[in-house]
Amino acid sequence: MAMGSRSIIILGCDGVVGRFLLELLAEDRRVKNVVAIDDQPPSNLPSKAKGLGMDLHSDDAIDQLAEVIDREDIDTVCYLGYLSDRKNVQEKQVDEVERVVKVLQRRSLPKVIFASSTTVYGALPGD
């Protein structure tokens, strides 16, 4: 990987925040490529981005994600899962985060970003 260039995976890229981030990264010269992953393969992606459909709840999600990280020479993972209002959000996100962490335990990546919102954890300190 060239000095200063980034290869980034965005997990949960098909929401408003993910789409906005994809556009910003596509314009950034320091970004070599972006792999946009969501439940369904994202469409209408910028030229630097590849879209993949992946169910992070599937039995082989850990192996699939590890394979993509290796194949695409990924150095940054950005998890944007469930930044929208969905049913059973908390349980689903905990499961997904556990799976992503298992993948990251197998790989040495310099940057990992986990974003969330009060939609998942609640707005009160006791949530």
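I started at arginine 106, which is partly exposed, with a relative accessible area of 46%. A note to myself before going on: this is a predicted model.

Next I looked for the partner of arginine 106. Its side chain meets that of aspartate 63 in a salt bridge, 3.0 Å from N to O. This pair links distant parts of the chain, since arginine 106 sits in helix H3 (residues 89-106) and aspartate 63 in helix H2, 43 residues apart. I checked aspartate 63 too, and that residue is partly exposed, also listed at 46%.

Then I asked myself how many salt bridges there are by this rule. The count comes to 8.

I picked out glutamate 72 and lysine 50, whose closest N and O atoms are 2.9 Å apart in a salt bridge. Glutamate 72 is in the loop between helix H2 (61-71) and strand S4 (76-79), while lysine 50 is in strand S3 (residues 49-53), so the pair ties together parts 22 residues apart in sequence. Buried or exposed, I wondered about glutamate 72? Glutamate 72 is buried, at 12% relative accessible area, whereas lysine 50 counts as partly exposed at 43%. I also found both residues in a network of salt bridges with Glu67 and Arg71.

One more pair went into the notebook: aspartate 28 and arginine 30 join side chains in a salt bridge at 2.8 Å, N to O. Arginine 30 is exposed, with 55% relative accessible area.

Last, I turned to cysteines. I found 0 disulfides in the structure. Cysteine 13 is buried at 0% relative accessible area, and cysteine 78 is buried at 6%.

Terms used: Residues numbered from 1 in each chain as written. Predicted model: local features only at pLDDT ≥ 70, side-chain atom pairs only at ≥ 80, totals over all residues. Heavy atoms only, no water. Disulfide = S-S within 2.5 Å. Buried < 20%, exposed > 50% of the residue type's maximum accessible area, 1.4 Å probe, protein only. Salt bridge = Lys/Arg side-chain N within 4 Å of Asp/Glu carboxyl O. Helix = DSSP H or I, 4+ residues; strand = E, 2+ residues; numbered from the N terminus.
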